[in-house]
Amino acid sequence: MNNIKIKSKNLNVYYGNKQALFDVNLDLNEKEVTALIGPSGCGKSTFIRCINRMNDVIDICKVTGNIEMDGMNINDKDLDVVSLRERVGMVFQKPNPFPKSIYDNISYGPKIHGKGETKSELDQIVENSLKKSALWEEVKDRLDEPGTSLSGGQQQRLCIARAISVNPEVILMDEPCSALDPIATAKIEELIDELKKTYTIVIVTHSMAQAVRVSQKTGFFHLGKLIEVGKTEKIFKNPDNKMTQDYITGRFG
Amino acid sequence: MSNEHTVKSYEEELQFLKDSLIKMGSLTESQLSDAMDAVIKVDKDSIDKIIKSDEEINKFRSKIDTQIMNLLVKRAPMAIDLRETISSLKISQDLERIGDLSKSNAKKVKPLPLDLPDELLGNLKRLGELVMKQLTEVLDSYVNKNFDKAKEVWEKDEQVDDLTYIAMESVIDFLSKDKKNLDFSTHLIFATKNLERAGDHITNIAETVCYLVKGEYLKGSRPKGKVIQE
(Lines give C-alpha, C1' and ligand atoms only; values in the text may rest on other atoms or scores of the structure.)
Protein backbone atom coordinates (compact mmCIF):
# COMPACT_ATOMS: atom_id res chain seq x y z
CA MET A 1 0.00 0.00 0.00
CA ASN A 2 1.36 3.40 -0.99
CA ASN A 3 1.64 6.31 1.44
CA ILE A 4 -1.35 8.55 1.94
CA LYS A 5 -0.87 11.74 -0.08
CA ILE A 6 -4.17 13.49 0.61
CA LYS A 7 -6.28 12.95 3.69
CA SER A 8 -9.72 14.43 4.29
CA LYS A 9 -11.39 14.24 7.67
CA ASN A 10 -14.98 15.25 8.33
CA LEU A 11 -14.85 17.50 5.30
CA ASN A 12 -18.02 19.56 4.79
CA VAL A 13 -18.70 21.98 1.97
CA TYR A 14 -21.58 24.46 1.82
CA TYR A 15 -22.70 26.58 -1.10
CA GLY A 16 -24.63 29.21 0.82
CA ASN A 17 -27.28 27.31 2.77
CA LYS A 18 -26.95 24.20 0.70
CA GLN A 19 -24.60 21.57 2.03
CA ALA A 20 -22.73 19.85 -0.82
CA LEU A 21 -20.44 17.52 1.15
CA PHE A 22 -21.17 15.78 4.44
CA ASP A 23 -18.34 14.61 6.68
CA VAL A 24 -16.23 13.12 3.93
CA ASN A 25 -13.35 10.99 5.18
CA LEU A 26 -11.25 9.90 2.25
CA ASP A 27 -7.57 9.04 1.88
CA LEU A 28 -5.84 9.22 -1.49
CA ASN A 29 -2.74 7.15 -1.90
CA GLU A 30 0.44 8.48 -3.41
CA LYS A 31 1.24 7.47 -7.00
CA GLU A 32 -2.06 5.75 -7.38
CA VAL A 33 -5.20 6.57 -9.35
CA THR A 34 -8.36 7.12 -7.32
CA ALA A 35 -11.61 7.22 -9.27
CA LEU A 36 -14.61 9.08 -7.90
CA ILE A 37 -17.97 7.97 -9.20
CA GLY A 38 -21.57 8.87 -8.49
CA PRO A 39 -24.58 10.55 -10.08
CA SER A 40 -24.42 14.18 -11.16
CA GLY A 41 -24.51 16.56 -8.23
CA CYS A 42 -23.28 13.97 -5.74
CA GLY A 43 -20.25 16.01 -4.66
CA LYS A 44 -17.38 14.29 -6.41
CA SER A 45 -16.26 17.42 -8.29
CA THR A 46 -16.80 19.52 -5.18
CA PHE A 47 -14.49 17.13 -3.36
CA ILE A 48 -11.64 17.38 -5.85
CA ARG A 49 -12.02 21.15 -5.96
CA CYS A 50 -11.21 21.16 -2.23
CA ILE A 51 -7.82 19.65 -2.99
CA ASN A 52 -6.58 22.69 -4.93
CA ARG A 53 -8.87 25.24 -3.26
CA MET A 54 -10.77 25.89 -6.47
CA ASN A 55 -13.84 26.45 -4.32
CA ASP A 56 -12.19 29.69 -3.14
CA VAL A 57 -13.36 31.33 -6.35
CA ILE A 58 -16.99 30.80 -5.32
CA ASP A 59 -17.91 33.54 -2.82
CA ILE A 60 -20.73 31.68 -1.09
CA CYS A 61 -18.67 28.51 -0.64
CA LYS A 62 -17.64 27.52 2.88
CA VAL A 63 -15.42 24.56 3.74
CA THR A 64 -15.18 23.03 7.23
CA GLY A 65 -13.33 20.00 8.50
CA ASN A 66 -9.89 18.99 7.52
CA ILE A 67 -8.06 18.26 4.30
CA GLU A 68 -4.34 17.69 4.26
CA MET A 69 -1.61 17.02 1.73
CA ASP A 70 1.49 15.39 3.23
CA GLY A 71 0.29 16.62 6.61
CA MET A 72 -0.10 20.23 5.41
CA ASN A 73 -3.50 21.82 6.08
CA ILE A 74 -4.86 22.72 2.65
CA ASN A 75 -7.53 24.94 4.19
CA ASP A 76 -5.03 27.06 6.10
CA LYS A 77 -6.00 30.71 5.50
CA ASP A 78 -2.34 31.69 5.26
CA LEU A 79 -1.54 29.05 2.68
CA ASP A 80 -0.23 30.36 -0.62
CA VAL A 81 -2.91 29.10 -3.00
CA VAL A 82 -0.76 29.73 -6.07
CA SER A 83 1.96 27.46 -4.80
CA LEU A 84 -0.70 24.88 -3.77
CA ARG A 85 -1.97 24.86 -7.35
CA GLU A 86 1.57 24.42 -8.57
CA ARG A 87 1.63 21.21 -6.55
CA VAL A 88 -1.91 20.19 -7.51
CA GLY A 89 -2.66 20.44 -11.22
CA MET A 90 -6.09 20.11 -12.79
CA VAL A 91 -7.54 18.92 -16.06
CA PHE A 92 -11.15 19.70 -16.90
CA GLN A 93 -14.00 18.06 -18.76
CA LYS A 94 -13.59 20.13 -21.89
CA PRO A 95 -10.09 20.77 -23.19
CA ASN A 96 -9.35 24.44 -22.50
CA PRO A 97 -6.02 25.39 -24.07
CA PHE A 98 -5.03 29.06 -23.85
CA PRO A 99 -5.53 30.96 -27.12
CA LYS A 100 -1.80 30.81 -27.63
CA SER A 101 0.71 28.62 -29.41
CA ILE A 102 1.27 25.01 -28.36
CA TYR A 103 4.66 26.09 -27.00
CA ASP A 104 3.25 29.00 -24.99
CA ASN A 105 0.51 26.82 -23.54
CA ILE A 106 3.16 24.69 -21.88
CA SER A 107 5.72 27.36 -21.06
CA TYR A 108 3.25 29.78 -19.46
CA GLY A 109 2.98 27.91 -16.14
CA PRO A 110 6.70 27.39 -15.59
CA LYS A 111 7.30 31.06 -16.46
CA ILE A 112 4.85 32.44 -13.88
CA HIS A 113 6.14 30.01 -11.26
CA GLY A 114 9.70 31.14 -11.94
CA LYS A 115 10.81 27.88 -13.47
CA GLY A 116 12.84 27.73 -16.68
CA GLU A 117 14.62 31.04 -16.74
CA THR A 118 16.41 30.59 -20.05
CA LYS A 119 14.96 29.75 -23.42
CA SER A 120 16.78 26.43 -23.52
CA GLU A 121 15.45 25.49 -20.07
CA LEU A 122 11.93 26.31 -21.22
CA ASP A 123 12.47 24.36 -24.45
CA GLN A 124 13.44 21.38 -22.33
CA ILE A 125 10.37 21.72 -20.08
CA VAL A 126 8.07 21.99 -23.13
CA GLU A 127 9.64 18.95 -24.76
CA ASN A 128 9.56 16.87 -21.56
CA SER A 129 5.98 17.79 -20.75
CA LEU A 130 4.81 16.98 -24.27
CA LYS A 131 6.70 13.70 -24.19
CA LYS A 132 5.19 12.77 -20.85
CA SER A 133 1.73 13.54 -22.19
CA ALA A 134 2.42 11.45 -25.31
CA LEU A 135 1.90 14.40 -27.63
CA TRP A 136 5.48 15.28 -28.60
CA GLU A 137 5.69 13.15 -31.74
CA GLU A 138 2.46 14.64 -33.07
CA VAL A 139 3.30 18.33 -32.49
CA LYS A 140 7.09 18.68 -32.38
CA ASP A 141 7.20 20.28 -35.84
CA ARG A 142 4.42 22.77 -35.20
CA LEU A 143 4.97 24.14 -31.73
CA ASP A 144 4.17 27.67 -32.86
CA GLU A 145 0.72 26.77 -34.12
CA PRO A 146 -2.26 27.65 -31.91
CA GLY A 147 -3.18 25.05 -29.26
CA THR A 148 -6.77 25.37 -30.41
CA SER A 149 -5.81 24.03 -33.87
CA LEU A 150 -5.32 20.56 -32.41
CA SER A 151 -8.01 17.86 -32.31
CA GLY A 152 -10.07 17.46 -29.11
CA GLY A 153 -8.02 14.52 -27.89
CA GLN A 154 -4.76 16.33 -28.65
CA GLN A 155 -6.02 19.45 -26.89
CA GLN A 156 -6.78 17.40 -23.78
CA ARG A 157 -3.27 15.92 -23.84
CA LEU A 158 -1.97 19.47 -24.28
CA CYS A 159 -3.87 20.44 -21.13
CA ILE A 160 -2.32 17.47 -19.33
CA ALA A 161 1.11 18.58 -20.60
CA ARG A 162 0.33 22.07 -19.33
CA ALA A 163 -0.63 20.65 -15.93
CA ILE A 164 2.57 18.61 -15.61
CA SER A 165 4.86 21.38 -16.92
CA VAL A 166 5.16 22.86 -13.42
CA ASN A 167 6.04 19.44 -12.02
CA PRO A 168 3.05 18.95 -9.70
CA GLU A 169 2.61 16.14 -7.21
CA VAL A 170 -1.10 15.61 -7.71
CA ILE A 171 -3.22 15.79 -10.86
CA LEU A 172 -6.98 16.23 -10.58
CA MET A 173 -9.00 15.17 -13.60
CA ASP A 174 -12.65 16.13 -13.80
CA GLU A 175 -14.22 13.87 -16.44
CA PRO A 176 -11.22 14.32 -18.73
CA CYS A 177 -12.54 12.05 -21.49
CA SER A 178 -16.22 12.92 -21.60
CA ALA A 179 -15.76 15.10 -24.69
CA LEU A 180 -13.43 12.68 -26.48
CA ASP A 181 -13.89 9.84 -28.96
CA PRO A 182 -12.90 6.25 -28.00
CA ILE A 183 -9.42 6.44 -29.55
CA ALA A 184 -8.59 9.76 -27.85
CA THR A 185 -10.04 8.31 -24.63
CA ALA A 186 -7.82 5.23 -24.93
CA LYS A 187 -4.77 7.47 -25.38
CA ILE A 188 -5.62 9.48 -22.26
CA GLU A 189 -6.20 6.28 -20.28
CA GLU A 190 -2.88 4.89 -21.38
CA LEU A 191 -1.31 8.18 -20.40
CA ILE A 192 -2.91 8.03 -16.93
CA ASP A 193 -1.35 4.59 -16.49
CA GLU A 194 2.05 6.06 -17.26
CA LEU A 195 1.57 9.25 -15.23
CA LYS A 196 0.63 7.39 -12.07
CA LYS A 197 4.26 6.25 -11.76
CA THR A 198 5.12 9.88 -11.01
CA TYR A 199 1.95 11.58 -9.82
CA THR A 200 -0.98 11.00 -7.51
CA ILE A 201 -4.08 11.12 -9.68
CA VAL A 202 -7.73 11.67 -8.84
CA ILE A 203 -10.22 11.20 -11.65
CA VAL A 204 -13.91 11.98 -11.62
CA THR A 205 -15.69 9.85 -14.18
CA HIS A 206 -19.17 8.82 -15.22
CA SER A 207 -17.81 5.80 -17.05
CA MET A 208 -17.74 2.74 -14.81
CA ALA A 209 -15.61 0.91 -17.35
CA GLN A 210 -13.10 3.75 -17.28
CA ALA A 211 -12.96 3.72 -13.48
CA VAL A 212 -12.25 -0.03 -13.60
CA ARG A 213 -9.59 0.39 -16.27
CA VAL A 214 -7.61 3.27 -14.82
CA SER A 215 -7.96 3.28 -11.05
CA GLN A 216 -6.72 1.26 -8.12
CA LYS A 217 -9.13 2.78 -5.64
CA THR A 218 -12.73 3.90 -6.15
CA GLY A 219 -14.99 6.09 -4.05
CA PHE A 220 -18.74 6.24 -4.59
CA PHE A 221 -20.51 9.48 -3.67
CA HIS A 222 -24.23 9.99 -3.31
CA LEU A 223 -26.01 13.18 -2.23
CA GLY A 224 -22.80 14.65 -0.86
CA LYS A 225 -21.81 11.61 1.16
CA LEU A 226 -19.02 9.17 0.50
CA ILE A 227 -21.01 5.95 0.56
CA GLU A 228 -18.25 3.44 -0.04
CA VAL A 229 -14.57 3.47 -0.84
CA GLY A 230 -12.31 0.54 -1.52
CA LYS A 231 -10.13 -1.27 -3.98
CA THR A 232 -11.54 -0.78 -7.47
CA GLU A 233 -11.69 -4.50 -8.13
CA LYS A 234 -13.75 -5.07 -4.99
CA ILE A 235 -16.11 -2.16 -5.68
CA PHE A 236 -16.96 -3.36 -9.18
CA LYS A 237 -17.11 -7.10 -8.49
CA ASN A 238 -18.57 -7.25 -5.03
CA PRO A 239 -19.32 -3.93 -3.32
CA ASP A 240 -20.36 -3.98 0.33
CA ASN A 241 -22.99 -1.30 0.07
CA LYS A 242 -26.30 -1.92 -1.68
CA MET A 243 -26.46 1.67 -2.91
CA THR A 244 -23.05 1.26 -4.58
CA GLN A 245 -24.23 -1.94 -6.21
CA ASP A 246 -27.46 -0.33 -7.42
CA TYR A 247 -25.52 2.58 -8.92
CA ILE A 248 -22.83 0.62 -10.73
CA THR A 249 -25.28 -1.93 -12.08
CA GLY A 250 -27.63 0.74 -13.37
CA ARG A 251 -30.45 0.18 -10.90
CA PHE A 252 -30.51 3.71 -9.64
CA GLY A 253 -33.97 5.27 -9.57
CA MET B 1 -34.61 2.67 -4.44
CA SER B 2 -35.78 0.18 -7.03
CA ASN B 3 -34.06 -3.15 -7.57
CA GLU B 4 -34.78 -3.09 -11.25
CA HIS B 5 -32.42 -1.77 -13.88
CA THR B 6 -33.14 1.68 -15.21
CA VAL B 7 -32.80 0.12 -18.67
CA LYS B 8 -35.72 -2.31 -18.91
CA SER B 9 -34.27 -4.35 -21.75
CA TYR B 10 -31.16 -5.04 -19.65
CA GLU B 11 -33.40 -6.39 -16.89
CA GLU B 12 -35.21 -8.56 -19.45
CA GLU B 13 -31.97 -9.88 -20.94
CA LEU B 14 -30.65 -10.92 -17.53
CA GLN B 15 -33.97 -12.56 -16.67
CA PHE B 16 -33.96 -14.35 -20.02
CA LEU B 17 -30.48 -15.69 -19.28
CA LYS B 18 -31.56 -16.94 -15.85
CA ASP B 19 -34.67 -18.55 -17.35
CA SER B 20 -32.61 -20.29 -20.03
CA LEU B 21 -30.26 -21.68 -17.42
CA ILE B 22 -33.14 -22.92 -15.28
CA LYS B 23 -34.70 -24.66 -18.30
CA MET B 24 -31.33 -26.19 -19.19
CA GLY B 25 -30.98 -27.36 -15.58
CA SER B 26 -34.39 -28.96 -15.64
CA LEU B 27 -33.63 -30.78 -18.92
CA THR B 28 -30.33 -32.02 -17.46
CA GLU B 29 -32.17 -33.30 -14.39
CA SER B 30 -34.64 -35.28 -16.54
CA GLN B 31 -31.85 -36.64 -18.67
CA LEU B 32 -29.78 -37.78 -15.70
CA SER B 33 -32.84 -39.39 -14.14
CA ASP B 34 -33.89 -41.11 -17.41
CA ALA B 35 -30.36 -42.41 -17.99
CA MET B 36 -30.23 -43.79 -14.46
CA ASP B 37 -33.62 -45.51 -14.89
CA ALA B 38 -32.47 -46.95 -18.21
CA VAL B 39 -29.38 -48.49 -16.57
CA ILE B 40 -31.19 -49.84 -13.52
CA LYS B 41 -34.12 -51.24 -15.52
CA VAL B 42 -31.88 -52.21 -18.45
CA ASP B 43 -34.39 -50.37 -20.58
CA LYS B 44 -32.93 -50.46 -24.09
CA ASP B 45 -35.94 -48.74 -25.67
CA SER B 46 -35.23 -45.42 -24.00
CA ILE B 47 -31.61 -45.09 -25.20
CA ASP B 48 -32.38 -43.13 -28.37
CA LYS B 49 -34.64 -40.68 -26.58
CA ILE B 50 -31.93 -39.95 -24.02
CA ILE B 51 -29.27 -39.44 -26.69
CA LYS B 52 -31.62 -37.08 -28.49
CA SER B 53 -32.34 -35.04 -25.39
CA ASP B 54 -28.60 -34.42 -25.04
CA GLU B 55 -28.78 -32.50 -28.31
CA GLU B 56 -31.40 -30.26 -26.71
CA ILE B 57 -29.09 -29.60 -23.77
CA ASN B 58 -26.24 -28.75 -26.13
CA LYS B 59 -28.50 -26.34 -28.00
CA PHE B 60 -29.29 -24.58 -24.73
CA ARG B 61 -25.59 -24.28 -24.04
CA SER B 62 -24.97 -22.49 -27.36
CA LYS B 63 -28.01 -20.32 -26.81
CA ILE B 64 -26.77 -19.33 -23.36
CA ASP B 65 -23.28 -18.63 -24.74
CA THR B 66 -24.79 -16.23 -27.27
CA GLN B 67 -26.90 -14.50 -24.62
CA ILE B 68 -23.81 -14.06 -22.44
CA MET B 69 -21.72 -12.66 -25.28
CA ASN B 70 -24.48 -10.17 -26.07
CA LEU B 71 -24.78 -9.12 -22.44
CA LEU B 72 -21.04 -8.61 -22.11
CA VAL B 73 -20.86 -6.55 -25.30
CA LYS B 74 -24.02 -4.53 -24.80
CA ARG B 75 -24.13 -3.99 -21.05
CA ALA B 76 -20.61 -4.46 -19.65
CA PRO B 77 -22.24 -5.89 -16.50
CA MET B 78 -20.84 -4.96 -13.08
CA ALA B 79 -20.96 -6.43 -9.57
CA ILE B 80 -23.90 -8.86 -9.07
CA ASP B 81 -24.79 -8.68 -12.78
CA LEU B 82 -21.22 -9.54 -13.73
CA ARG B 83 -21.20 -12.44 -11.30
CA GLU B 84 -24.61 -13.59 -12.58
CA THR B 85 -23.36 -13.51 -16.19
CA ILE B 86 -20.07 -15.28 -15.53
CA SER B 87 -21.76 -17.83 -13.24
CA SER B 88 -24.29 -18.66 -15.97
CA LEU B 89 -21.42 -19.36 -18.34
CA LYS B 90 -19.75 -21.69 -15.87
CA ILE B 91 -22.93 -23.45 -14.75
CA SER B 92 -24.05 -24.07 -18.32
CA GLN B 93 -20.71 -25.72 -19.04
CA ASP B 94 -21.09 -28.03 -16.07
CA LEU B 95 -24.69 -28.86 -16.99
CA GLU B 96 -23.62 -29.71 -20.51
CA ARG B 97 -20.95 -32.07 -19.18
CA ILE B 98 -23.52 -33.74 -16.90
CA GLY B 99 -25.68 -34.17 -20.00
CA ASP B 100 -22.79 -35.81 -21.83
CA LEU B 101 -22.17 -38.18 -18.95
CA SER B 102 -25.87 -39.14 -18.85
CA LYS B 103 -25.77 -39.80 -22.60
CA SER B 104 -22.70 -41.93 -22.10
CA ASN B 105 -24.53 -43.91 -19.41
CA ALA B 106 -27.51 -44.43 -21.67
CA LYS B 107 -25.21 -45.87 -24.31
CA LYS B 108 -23.87 -48.35 -21.76
CA VAL B 109 -27.32 -49.96 -21.45
CA LYS B 110 -27.12 -51.60 -24.87
CA PRO B 111 -24.63 -54.40 -24.02
CA LEU B 112 -26.14 -55.14 -20.61
CA PRO B 113 -27.98 -58.47 -20.08
CA LEU B 114 -31.60 -58.15 -19.02
CA ASP B 115 -31.23 -60.38 -15.97
CA LEU B 116 -28.76 -58.41 -13.87
CA PRO B 117 -28.94 -59.36 -10.18
CA ASP B 118 -30.49 -56.83 -7.79
CA GLU B 119 -27.52 -56.81 -5.42
CA LEU B 120 -25.36 -55.59 -8.30
CA LEU B 121 -27.65 -52.73 -9.23
CA GLY B 122 -28.75 -51.76 -5.71
CA ASN B 123 -25.65 -49.72 -4.89
CA LEU B 124 -25.56 -48.12 -8.34
CA LYS B 125 -29.20 -47.15 -7.88
CA ARG B 126 -28.43 -45.55 -4.49
CA LEU B 127 -25.54 -43.64 -6.04
CA GLY B 128 -27.75 -42.46 -8.90
CA GLU B 129 -30.45 -41.29 -6.49
CA LEU B 130 -27.92 -39.37 -4.43
CA VAL B 131 -26.40 -37.67 -7.51
CA MET B 132 -29.94 -36.83 -8.69
CA LYS B 133 -30.77 -35.29 -5.31
CA GLN B 134 -27.53 -33.32 -5.37
CA LEU B 135 -28.36 -31.93 -8.81
CA THR B 136 -31.88 -30.93 -7.77
CA GLU B 137 -30.58 -29.24 -4.63
CA VAL B 138 -27.79 -27.37 -6.35
CA LEU B 139 -30.24 -26.07 -8.95
CA ASP B 140 -32.59 -25.00 -6.13
CA SER B 141 -29.69 -23.19 -4.48
CA TYR B 142 -29.07 -21.37 -7.76
CA VAL B 143 -32.71 -20.38 -8.20
CA ASN B 144 -33.03 -19.19 -4.58
CA LYS B 145 -29.49 -17.75 -4.38
CA ASN B 146 -29.02 -19.85 -1.26
CA PHE B 147 -25.38 -19.91 -0.18
CA ASP B 148 -25.87 -22.38 2.72
CA LYS B 149 -27.71 -24.88 0.57
CA ALA B 150 -25.01 -24.71 -2.14
CA LYS B 151 -22.32 -25.24 0.48
CA GLU B 152 -24.24 -28.22 1.85
CA VAL B 153 -24.26 -29.80 -1.62
CA TRP B 154 -20.54 -29.11 -1.93
CA GLU B 155 -19.85 -30.86 1.36
CA LYS B 156 -22.15 -33.78 0.56
CA ASP B 157 -20.08 -34.78 -2.46
CA GLU B 158 -18.05 -36.79 0.03
CA GLN B 159 -21.02 -39.16 0.25
CA VAL B 160 -21.07 -39.45 -3.55
CA ASP B 161 -17.41 -40.50 -3.41
CA ASP B 162 -18.14 -43.08 -0.72
CA LEU B 163 -21.12 -44.54 -2.56
CA THR B 164 -19.11 -44.67 -5.79
CA TYR B 165 -16.52 -46.72 -3.97
CA ILE B 166 -19.16 -49.12 -2.65
CA ALA B 167 -20.86 -49.45 -6.05
CA MET B 168 -17.51 -50.14 -7.72
CA GLU B 169 -16.71 -52.78 -5.12
CA SER B 170 -19.96 -54.63 -5.78
CA VAL B 171 -19.33 -54.66 -9.56
CA ILE B 172 -15.77 -55.90 -9.04
CA ASP B 173 -17.03 -58.61 -6.64
CA PHE B 174 -19.52 -59.74 -9.22
CA LEU B 175 -16.85 -59.72 -11.90
CA SER B 176 -14.46 -61.77 -9.82
CA LYS B 177 -17.08 -64.52 -9.45
CA ASP B 178 -17.14 -65.21 -13.16
CA LYS B 179 -14.81 -63.84 -15.84
CA LYS B 180 -17.66 -64.14 -18.37
CA ASN B 181 -19.11 -61.04 -16.72
CA LEU B 182 -16.10 -58.98 -17.77
CA ASP B 183 -17.66 -57.32 -20.80
CA PHE B 184 -20.75 -55.79 -19.26
CA SER B 185 -19.09 -55.28 -15.84
CA THR B 186 -16.69 -52.87 -17.50
CA HIS B 187 -19.70 -50.89 -18.76
CA LEU B 188 -21.13 -50.80 -15.27
CA ILE B 189 -17.81 -49.59 -13.86
CA PHE B 190 -17.79 -46.77 -16.40
CA ALA B 191 -21.41 -45.93 -15.63
CA THR B 192 -20.53 -45.72 -11.93
CA LYS B 193 -17.54 -43.51 -12.67
CA ASN B 194 -19.70 -41.28 -14.87
CA LEU B 195 -22.06 -40.70 -11.96
CA GLU B 196 -19.16 -39.79 -9.74
CA ARG B 197 -17.94 -37.32 -12.36
CA ALA B 198 -21.44 -35.86 -12.66
CA GLY B 199 -21.19 -35.38 -8.88
CA ASP B 200 -17.97 -33.41 -9.39
CA HIS B 201 -19.68 -31.11 -11.90
CA ILE B 202 -22.47 -30.59 -9.38
CA THR B 203 -19.85 -29.54 -6.84
CA ASN B 204 -18.46 -27.07 -9.38
CA ILE B 205 -21.96 -25.63 -9.74
CA ALA B 206 -22.22 -25.40 -5.94
CA GLU B 207 -18.94 -23.47 -5.82
CA THR B 208 -20.17 -21.15 -8.56
CA VAL B 209 -23.44 -20.49 -6.70
CA CYS B 210 -21.47 -19.64 -3.54
CA TYR B 211 -19.36 -17.18 -5.54
CA LEU B 212 -22.46 -15.76 -7.21
CA VAL B 213 -24.17 -15.09 -3.89
CA LYS B 214 -21.27 -13.82 -1.78
CA GLY B 215 -18.70 -12.74 -4.33
CA GLU B 216 -16.06 -14.91 -2.68
CA TYR B 217 -14.84 -18.37 -3.43
CA LEU B 218 -15.26 -21.11 -0.83
CA LYS B 219 -12.14 -21.46 1.21
CA GLY B 220 -10.34 -24.73 1.88
CA SER B 221 -10.59 -27.98 0.02
CA ARG B 222 -13.75 -29.98 -0.33
CA PRO B 223 -14.12 -33.04 1.94
CA LYS B 224 -13.16 -36.06 -0.14
CA GLY B 225 -14.61 -39.56 0.17
CA LYS B 226 -12.98 -42.97 0.04
CA VAL B 227 -12.80 -43.45 -3.69
CA ILE B 228 -10.74 -40.34 -4.22
CA GLN B 229 -8.29 -40.94 -1.43
CA GLU B 230 -7.40 -44.50 -2.32
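In chain B of this predicted model, helices α1(B) and α4(B) are roughly antiparallel to each other, because angles over 145 degrees count as roughly antiparallel. Helices here are DSSP runs of H or I with at least four residues, strands are runs of E with at least two, and both are numbered from the N terminus. The axes of helix α1 (residues 8-41) of chain B and helix α4 (residues 118-143) of chain B cross at roughly 175° and come within 10 Å; axes are lines fitted to C-alpha atoms over the stretch in contact, with angles from 0 to 180 degrees between N-to-C directions.

Two residues are in contact if their C-beta atoms, placed from the backbone, lie within 7 Å. Residues of α1(B), including I22(B), L32(B) and M36(B), meet residues of α4(B), among them L124(B), M132(B) and L139(B).

Chain B also touches chain A, through 15 residues from chain B and 14 residues from chain A. On the side of chain B, helix α3 (residues 79-107) gives the most, with 4 residues.

Chain A itself has 10 helices and 10 strands. Its radius of gyration, taken over C-alpha atoms, is 18 Å, close to the 18 Å from the globule rule (2.2 Å times the number of residues to the power 0.38), so chain A is as compact as a globular protein of 253 residues. The C-alpha trace of chain A spans about 55 × 45 × 35 Å along its principal axes.

Residues are numbered from 1 along each chain as its sequence is written, and chains are lettered from A and ligands numbered from 1 in the order in which they are written. Local features need pLDDT of at least 70 and side-chain atom pairs count only at pLDDT 80 or more, while totals for chains, interfaces and linings use all residues.

Notes:
Angles under 35 degrees count as roughly parallel, over 145 as roughly antiparallel, 65 to 115 as roughly perpendicular and the rest as oblique.
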